Amino acid sequence: MTAAESFGQYLEIVRAHGGSKCPKAVEGVVREATERLPRAIEAYRHDPEDLDSCRADRIYAPDYAVNLDGVTMNADVAASFHCGVPQLNSLLCVYVNDSVHIPCAGKLPAGLEIYPLRELPEEYHADAAALAKNTSDSPAGLIDTMLMTDGFYIRVAAGAVIDKPLQIVNIFNSTMPLYTSRHILVHALENSQVKILLCDHSQTPQTAHLNAETVRVVADNGSKVELYDIEESSPATSRRWLLEATQHDSSNLTVCTAFLRGGITRNEYRINVVGDGADTSLSGLAICTGSQIADNRVTLVHRGRHCRSRQLFKNAMFDESTGAFGGKIIVEEGAEATDAVQTNRNMLASPSARMLTAPQLEIYCDDVKCGHGATTGQLDERALFYMQSRGIPRHEATMMLTQAFMSDVVDNISFEVLRQRLHVLVEKRLNGTSGSCDTCAAACRTNISKEEQ
Amino acid sequence: MKENKDITEKEKREEREIISDATGGEYKYGFTSDIDTDIIPPGLSEDVVRHISAVKGEPEWLLDFRLKAYRHWLTLEPPTWAHLTIPPIDFNAISYYAAPTKKNTPKSMDEVDPELVNTFNRLGIPLEEQKVLSGMAVDAVMDSVSVKTTHREALAERGIIFCSISEAVREYPDLVRKYLGKVVSYRDNFYAALNSAVFSDGSFVYIPKGVRCPMELSTYFRINASGTGQFERTLIVADDDSYVSYLEGCTAPMRDENQLHAAIVEIIVEDRAEVKYSTVQNWYAGDAQGRGGIYNFVTKRGLCRGDYSKLSWTQVETGSAITWKYPSCILAGEGATGEFYSVAVTNRLQQADTGTKMIHIGSNTRSTIVSKGISAGHSQNSYRGMVKVDKKAEGCRNYTQCDSLLLSPTCGAHTFPVIDVANSTAVVEHEATTSKISEDQIFYCNQRGIPTEEAVALIVNGYAKEVMNKLPMEFAVEAQKLLEITLEGSVG
């Protein structure tokens, strides 16, 4: 079945069911997305996104179940699902399949409010609806909105500086193939600061999982939002991750994603810089083995003046894996003194690996400084030789150099504990040992090691 | 303090004037020569295709080729993926054949229509002079039929064939049949199919084994009759160990209605042979309101079939209302080399979507891409390129650099590269920058007594130099002149 046919089926299922059970706050948004869906599917049928079509077909191939009634997965959250970074004293939230759990609800610092969308106070309904609004014409994205049964609403009050990072742990646990539509809405009000860490885990690594996660961020004037994402799921997982962010005057957005373990991953970043003097930093790394696919798509639109953006994406491809990077910087008319740089570096470490890169610039304004660089190559043979001549086995030398290759992405992470952790995770990943957290719940780790044996 | 402010104001005003001067410059080559042309009525059908073939006295196989292409063309839609706004083209409003009525091939310059000679003289291409002074063989294409071919004998001595493609079809049918459509199939794209169906004329070059062509081969294309599309077809074959440098220059007179130009250039490079293909394109770009101008939709591709073969494309694109052009290299032979050097200038409402494809199929193949875009006025200038390394191609190397210079706040400069690498031994690099002329540089020049206008000209020339240096001497001068005319050497 092609992706377009699958899209049609999801629409039929929802229609036959008389709609999904969506939170009251976003009813309008969901209705609107559902109404626009047939046309979007039709358009997709005629013109599937060029680079994406074959992968979309693969992503949607399994027969996923959808949780239309929003049945809550009950779980002893604190005990079995804690997956922390050592010494990372974080505020914990958990997404079990598509059920929202907020164990940290009682311990929130002043200025930070987190609600499940279903229990959202009336006063925030309009804000949540505005945040959740889906303006794209992508049928996959519209289906995600249509299937929204719950989500996180995170609000950082004006001037509040939240030191403690907020961690949202995504856990998948199901015996049948499941399509989970996860939504995280973040509104950082004026001069506020927040750090959010997302991580993906699968407790049932044999089960096919379509993890569709949408993160929508609005960064008001002078706010600072940091978003980190670590994916450590299973090869049976297909992930579609979308970050849609709007940046206002002098706001600061830092995003770093790490793809360590999974099946097919497509991370999409749609950043809209509307304010003046904003700063954007996007980075990502992917280490792919087996037949994994890692695909990063960036659309960064500069509308404001005096803005600066930096992008750094690195991929190391082993075995039969495929990597893709599509980066687009659009500088609109009037976005004067924009300074945008995009870098994509790729390493092919196996004869069967493949890398597809399309870094693009669309500039409609003359007072800009924009550049992009993309390279695809392999480790320096001389460096490998040097290390071997000093008694380091080739395999280890390769690993060390690959780790060094990735290190500048990891170094982009501003908070120390996570940075250290990611260095270790990358090393472990390259070692071939389990990448799961040491402190993680037993269930999680045993399952992954079982799968590896 | 106020004084300083006044000075900056003044500078800004000067800058604006310079820009408007540059953008307001009228097309120097806009004139129409009154030569009688034999035009068939507008419209396209199988009959028209048969008519063209019959007029040219073509053999059966070529008519079949045309008809196959025409039938395939009917199934296609014009491509829309380019970053261009193309007004709908009524393909039935175009006349597909125009030939100067003088059918007898002139034996000397005296026999050539004086009006035509005058036309070329005004363009700065005096045939006589060029023949004598620069030692170039000029095959001038006036609309669709070659009217004059020079230096034929000198070339023939070495076994080099340089003639119009219709002549080649008559005299060397086996050669043409062997190579025609082998690099750019009629199934390739919409405009390639159209060209294959109705191509009127063009050049054919064959360089035999081991021969180094003693002179630069040159063709000037000129669209002359109003409302005629020109469908050139060029075929260049360089046999083992040969070398040729081919120049293509284009200027067209001023027209109100848009004219379509859909050409095909096919190049085949055998073992250790080298082909250098240079283009200076200065077709009418339309007036300041965007009226008129040529639509330049060209398919150019070379097949480096032989081991250690080399193909080098150099282009200076200053004209045309819309340019859609991607000279490409298929690097199939072991150790083959492909090069692409381009300067694309757009001004006023011009649109250009140009670039290259480097397809690495053979091992140890190398390619270099240097693209320089300059946009001014309200124009849109895009680089679109693809570098593909096949799974079996070991040790390939590509270096791509594409820079864009923005000269007005209303223009656009875009970069759309695609890099697809399926072999782990490949090293592929891509680098792109977009910026306006740095104020530091202008300030530095001003400070040393160079006025802003000259400083800008200096910087633009320096910026384009890397590509200009790749042009043959004779062309570099003209290209330099064109750059100056297009931007009046003084954009700011």
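Buried residues account for 53% of the 453 residues in chain A. The model described here is predicted.

**Chain A as a whole.** Chain A holds 10 helices and 20 strands. Its radius of gyration is 21 Å, close to the 22 Å from the globule rule for 453 residues, so chain A is as compact as a globular protein of that length. The C-alpha trace of chain A spans about 70 × 55 × 50 Å along its principal axes. Take the contacts in chain A between residues at least 6 apart in sequence: 84% of them join residues at least 24 apart.

**Where the chains meet.** In chain B, 31 residues are in contact with 30 residues of chain A. Three elements of chain B give two or more residues each to the side that touches chain A: strand 21 (397-406), strand 22 (412-421) and strand 23 (427-436). The residues on that side divide into 15 nonpolar, 12 polar and four charged. Strand pairing also crosses between the chains. Strand 19 of chain A, residues 354-363, pairs with strand 22 of chain B in the antiparallel sense. A:Glu362 has B:His414 of strand 22 of chain B as its bridge partner.

**Strand 19 of chain B.** This strand covers residues 366-375, and seven of its 10 residues are buried, so the strand is largely enclosed by the rest of the structure. Strand 17 of chain B, residues 337-346, runs parallel to strand 19 of chain B. There, B:Ser342 stands opposite B:Ser371 of strand 19. Strand 19 of chain B also pairs with strand 21 of chain B, again in the parallel sense. B:Ser367 has B:Asn398 in strand 21 of chain B as its bridge partner. Strand 21 of chain B is also one of the elements on the side that touches chain A.

| Strand pair | Sense | Bridges |
|---|---|---|
| Strand 19 of chain A, strand 22 of chain B | antiparallel | six |
| Strand 17 of chain B, strand 19 of chain B | parallel | 10 |
| Strand 19 of chain B, strand 21 of chain B | parallel | 10 |

**A helix pair in chain B.** Two packed helices are described by the angle between their axes and the distance between the axes. For helix 3 (residues 60-74) and helix 9 (residues 190-198) of chain B, the axes come within 7 Å and cross at roughly 145°. The crossing is left-handed. Helix 3 of chain B contributes B:Phe65, B:Arg66, B:Ala69, B:Tyr70, B:His72 and B:Trp73 to the contact. Helix 9 of chain B contributes B:Ala193, B:Leu194, B:Ser196 and B:Ala197. These contact residues divide into seven nonpolar, two polar and one charged.

Note on methods
Residues numbered from 1 in each chain as written. Chains lettered and ligands numbered in written order. Predicted model: local features only at pLDDT ≥ 70, side-chain atom pairs only at ≥ 80, totals over all residues. Contact = placed C-beta atoms within 7 Å. Helix = DSSP H or I, 4+ residues; strand = E, 2+ residues; numbered from the N terminus. Nonpolar A, V, L, I, M, F, W, Y, C, P; charged D, E, K, R; others polar. Pairing = 2+ DSSP bridges. Rg over C-alpha atoms; globule rule 2.2 N^0.38 Å. Buried ≥ 20, exposed ≤ 12 C-beta atoms within 10 Å, placed from the backbone. Axes fitted to C-alpha atoms, helices over the stretch in contact; angles between N-to-C directions. Left-handed = near helix turned anticlockwise from the far one by under 90°.
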